[in-house]
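Subject: Structure handover

Hi,

Here is the structure I promised to pass on. Have a look at it first, and my notes follow below.

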Amino acid sequence: PRELDILALLGQRMRIREIAETLERSQKTIERHREAIGQKLGAADRAELIQIAQRAGLRVEDAQLKRVHFEQ
């Protein structure tokens with residue numbers, strides 16, 4: 001959920017400092033999350049993450065949605 005929060009806030013073009021203040025975390029913590037998100041999504045930089053979040057229509061509220069796992 002935290003990574004979704006960060007991705008959504010990046011999609012709103014917030015800077016790392018602003019995200020850190022909003023989520024009450026350190027800038028270093030936010031940067032580590034951003035790097036992890038980039039690796040998972042294959043995004044080379046912040047600009048690509050912004051595009052991904054915007055194309056997906058990701059909102060901060062989406063991070064709070066319940067995840068459903070299906071078992072086979």
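Let me start with E24, which sits in the loop between α2 and α3 (27–41). Helices here are DSSP runs of H or I of at least four residues, strands are E runs of at least two, and both are numbered from the N terminus. E24 has a positive phi of about 55° although it is not a glycine. For context, most residues other than glycine have a negative phi. E24 is also exposed, at a relative accessible area of 69%; exposed means over 50%, buried under 20% and partly exposed in between, with a 1.4 Å probe and protein chains only.

R13 is another one to look at. Its phi is positive too, about 65°, and R13 is not a glycine. You'll find R13 in the loop between α1 (2–11) and α2 (16–23), and with 57% relative accessibility it counts as exposed.

Before you go further, a word on what this is. It is a predicted model, with local features needing pLDDT of at least 70 and side-chain atom pairs counted only at pLDDT 80 or more, while totals for chains, interfaces and linings use all residues. Residues are numbered from 1 along each chain as its sequence is written, and side-chain values use heavy atoms, with hydrogens and water left out.

On confidence, the protein averages a pLDDT of 88 (the predictor's confidence in each residue, from 0 to 100), and 88% of the residues score at least 70.

Now the helix packing. α1 packs against helix α4 (residues 46–56) at an angle of about 95°, and their axes are 8 Å apart. The axes are lines fitted to C-alpha atoms, for helices over the stretch in contact, and the angles run from 0 to 180 degrees between N-to-C directions. That makes α1 roughly perpendicular to α4, a label for 65 to 115 degrees (under 35 is roughly parallel, over 145 roughly antiparallel, and the rest oblique). On the α1 side the contact involves L7, L10 and G11, which meet R46, L49, I50, A53 and Q54 of α4; contact means heavy atoms within 4.5 Å. These residues divide into 5 nonpolar, 2 polar and 1 charged. In that scheme Ala, Val, Leu, Ile, Met, Phe, Trp, Tyr, Cys and Pro are nonpolar, Asp, Glu, Lys and Arg charged, and the others, Gly among them, polar.

Last, the salt bridges. The structure holds 4 of them, each defined as a side-chain nitrogen of Lys or Arg within 4 Å of a carboxyl oxygen of Asp or Glu. Including these:

- R2 with D5, closest N and O atoms 3.6 Å apart. Both lie in α1, 3 residues apart, about one turn of the helix. R2 is partly exposed at 27%, whereas D5 is buried at 7%.
- R17 with E21, closest N and O atoms 3.6 Å apart. Being 4 residues apart in α2, they are separated by about one helical turn. R17 is partly exposed at 41% and E21 exposed at 54%.
- R34 with E31, closest N and O atoms 2.5 Å apart. They are 3 residues apart in α3, so about one helical turn separates them. R34 is buried at 15%, and E31 is partly exposed at 24%.

Cheers
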